[in-house]
Amino acid sequence: MLNRSIKYLLVLMIMTAGLQPVLSHPQKKVNLQLRWFHQYQFAGYYAAKKLGYYEEAGLDVNIIEGGIDTDVMKEVVSGSAHFGVQTPSIVLDRAKGEPVVALAAIFQHSPVALIVNKESGIETPSMLAGKRIMLGRKNVEIRAMLISESVIDKVEVLEFTGNYKDLINGKVDGASGYVTDVSYLDEQTGNTFGYIRPVTYGIDFYGDCLFTSEDLIHNESETVAAFREASLKGWRFAMDNPGKMIDIIISDYKNSLSREKLLYEYNQLLNLMHTDLVEIGHMNPGRWKHIVETFQRLGQIDPDFRIKGFLYSDHIDPDHNTIKAVLSILSAVLFILLAVLWRNYRKEKLKEALEEAKHKQELKESEARFRGLIEFGADGILLGSHEGFIIEVNEMACSIIGMNRNDLIGKYVTAIPFTEESLQRAPLRFDLLKEGKIVINERDLIRPDGTFVNIEMKTKMMADGTYQSIFRDLTEKKTAEKEIEFLKSRFEYVLGATKTGFDIIDEDNNVIYVDPNWAERLGGYSGKKCYEYFMGTDRPCTNCAIPEALETGKTTISEEYLEKESRYVEVHTISLNEKIRGKRIVAEFNIDITERKNIEKRLRQFNAELENMVAERTSQLANTNKELESFSYSVSHDLRAPVRHIIGFTDIFMKENEDMLNERSRDTFSKIIQSAHRMERLIDDLLQLSRTGRQELIPKHISMNKIVENVIAEYKNCKGSRTVETQIGQLPQVFADQHLLTTVWENLVDNACKYTKGRTVTKISVRCTEEKEEYVFSIKDNGVGFDPEFKNKLFGVFQRLHLSKDFPGTGVGLANVRRIISRHGGRTWAESEGEDKGAEFFFTLPIYKGGTK
Amino acid sequence: MKSKYILLIEDDQNDVELTIRALKDAFKGRVAVVNDGADGIDFLFRRGKFSGRQPENPVVVILDKKMPKMDGVELLSAVKKDENLKKIPIVMFSSSNYEQDIIESYEAGASAYVVKPIEIEHYYKAVRQIGYFWGVLNEENPAVMNQEVKEK
């Protein structure tokens, strides 16, 4: 019964609503006056006509094209046209008393602009001062802008020709127009036009508006309403279907217009209409108020003007309203009745519902508890339907899988991004699950963000046929395992490469671990004692380093010989902190030192050999020296004898034949004897030279003064009876061979004497100066000296700078001196300022620093 | 008076000649010459080819240190071992002024050591001095003399 009542009431409602259209008037002839030539600017009206919206509304509309001189307002007010399209200038007319009413604002913004020639350089209104412009009579925005910018008095306003070429030829500097129109022209002619928009200067009015006269509203309100509605419908079509609209315009209205131009215009209008934000035709009373205020500010409208009655909304038909009101009340009453009936029905149902709800609540609570467990579990939990679709996933599962609940719930289980490889390796085993088995598998998955996860999945089929899976993230464990494995193999590789054995032994000598390389060489080790395993003995080594290492906690280093492998190792035993099976442990690094040991052995052998060689050499040397000694000894003796004989017999001959010999013969024999003498001296000197070279140097602390004094004493008379003045300075103690040093001074003094032979007074002075590390001795004479250019040659063997007939000598003396001094570690040199300017001979001896030399 | 004589043991013939010439001025006696150590020994010990030599021993022996067959020092040592012969003064004549040689000679029992001078004059002088000293000035060892008488 209740349902039937409802049905009846509904039908009634529909019928009353359907009555409304019946109240409209029959087909009526209507004129619409456009304000300009046919173009997209009026598309909506074309559409409404073409698509039959007007016809549906019972209107027969005639669309009248406008032109340059069209006064749309006049047409409408006079009654020639019922409706007109015009700018907000209509509000000015209204203010003047014209009975016009705005029905709809088609363009929310005005496309009006003052077009200028770019070449003129005019960019702002103020730059129009002194210029000429043409304005259409209804371009109120531009006028408003000029007033606002205080330039209206400075501009010459000409009649609007509509010919934009006047801008190019300079007839005018500016012309009013729509951006929609002219920017197209602009692009066609290559941008010669610029424009100044009133919007830029605060003048933002509506664009084209649809309006009518007050009379028509009062007399034919339905017509107005119908026309308005159909027009707006037409506009909606026009803005949604530009393509079709363009077709209509070209075919029916102006086939001289290009599609391009119309499309361009359409796009420009789209911007002005904001069809996505504002309903086409919407008029905001507030906006109109603003427009009025702007005009009032500019002095174009009286301050007393009231806008009421200008807008369509002020005029909605009261009769129409009454009918509408009655219908509304009827509808309302019907609704109330319905409501009451419904309420009673509901009351019965509520009782039943409450019971059920209570029951449901209890269920919900227990579910919540379990849900809590699942939601916050540490493992991922996934519930799947029998068919394999995911019913439920907990937070952890989502986190592991890396996907949202929404992306998983309801999807087949393969939505989970397992890797191909892991699915091949461990496919989903529904078969096993159906048998009631618990299936555990390890799989990899790659999350949507690209990260890799390794998981363990444990799945079971529940009694109700659903599946339950528990996910566990093993990635970290896996990574750690891999790392350990890597480190371990690295470690073992290094050990192998360096032939270092690594082992771990506990305090009871049990081998815990041996590195694989070594183990391989030795054979298996488990359970063995270290001495058994490494040494092959049956008891611990006597010098076992393990106790010490454990005691001291320090790394113990020892050497071992590994019997089993016949090699030497250096063992580093390190006590570890851990315990294994309760026993303390050590780690050992066994570094192979076989090579080292071999080298050491070889080195020792080599040293021994070397020493032998040295000893042998030394004795050889000693022998050689001895041989040399006896050789030179023999030689000198054997050389001496014949020399002596030559001298002897020559002398005898000379004596025995004294009277027979003439001057020349005597001379000849003299020469023979002299030469022999010379040879004798040479032999002596050579003998001495060789001796001083080989003789063992026995250094002692000796007084240089003493030696020099002795030598000089020996030479006191210095060959002949001339006066000899000697000056001996303070000479230090030296550490040198006495005998050899004596020889040095003998030679030097001998020279000094020799080369001062011609002097009446021979002056010899001996000095010593102390340098940093050495003593410098010198002996100076006032003899014949020598050419300093040859000072480096003096000390050579057999080297002489003077003729032997003038100064006899073998040239060995100074060589001897040099030999002896250099053996003492000193240097020798001589200086002279030149021939006849004396000479000074120097030698150095290192200052004895103590210890053994 | 027995005729004094000097024994010269010298291997170099020239040196012999020179020495004899030199001695001539200083020593009027004879100079017996042998040319090597072996002969020297034989002469002194009156054996071998010299077994028939005169019983008197020389007043001085001038001995060259360096000789073939037997070194001067060797002879010296050998002679000094003999009771009779050890009393005979022996002068070592040598080219060497090597200290070691001098020591060695004295230790072996040389009465004097003369380095053969370089200058021939000095050589002569040295030889003359030796001849004069030992041959003229020096008083012989009476024991030796007596012995010789005994033997006769």
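**View 1. Strand E10 of chain A is covered on both faces.** In this predicted model, Cys209(A), Phe211(A) and Ser213(A) sit on one side of E10(A), while Leu210(A) and Thr212(A) sit on the other, and all are buried. Buried here means under 20% relative accessible area, exposed means over 50%, and partly exposed lies in between (1.4 Å probe, protein chains only). In a regular strand, side chains alternate between the two faces of the sheet. Since 5 of the 5 residues of E10(A) (residues 209-213) are buried, the strand is largely enclosed by the rest of the structure. Helices (H or I, at least four residues) and strands (E, at least two) are DSSP runs, numbered from the N terminus.

**View 2. Strands E3 and E4 of chain A each pair with E10(A).** Strands pair if DSSP finds at least two bridges between them. Strand E3 (residues 83-86) runs antiparallel to E10(A), joined to it by 4 bridges. Look for Gly84(A), which stands opposite Phe211(A). Strand E4 (residues 100-105) also pairs with E10(A) in the antiparallel sense, over 5 bridges. Here Val100(A) has Ser213(A) as its bridge partner.

**View 3. Asn117(A) is a buried residue in strand E5 of chain A.** Strand E5 covers residues 112-117. The relative accessible area of Asn117(A) is 10%, which is why this residue counts as buried. Leaving out residues up to four places away in sequence, Asn117(A) touches Leu167(A), Ile168(A), Asp173(A) and Thr192(A). Contact means heavy atoms within 4.5 Å.

**View 4. Chain B meets chain A.** The contact takes 22 residues from chain B and 20 residues from chain A. About 1800 Å² is buried between the chains, with carbon and sulfur atoms giving 54%; this is the accessible area (1.4 Å probe) that the two parts lose on being put together, summed over both. There are 2 salt bridges between the chains, each a side-chain nitrogen of Lys or Arg within 4 Å of a carboxyl oxygen of Asp or Glu. Arg644(A) forms a salt bridge with Asp15(B), their closest N and O atoms being 2.7 Å apart. On the side of chain B that touches chain A, helix H1 (13-26) and helix H5 (120-137) each supply at least two residues. The largest share, 5 residues, comes from H1(B).

**Notes.** Residues are numbered from 1 along each chain as its sequence is written, and chains are lettered from A and ligands numbered from 1 in the order in which they are written. Local features need pLDDT of at least 70, side-chain atom pairs count only at pLDDT 80 or more, and totals for chains, interfaces and linings use all residues, while side-chain values use heavy atoms, leaving out hydrogens and water.
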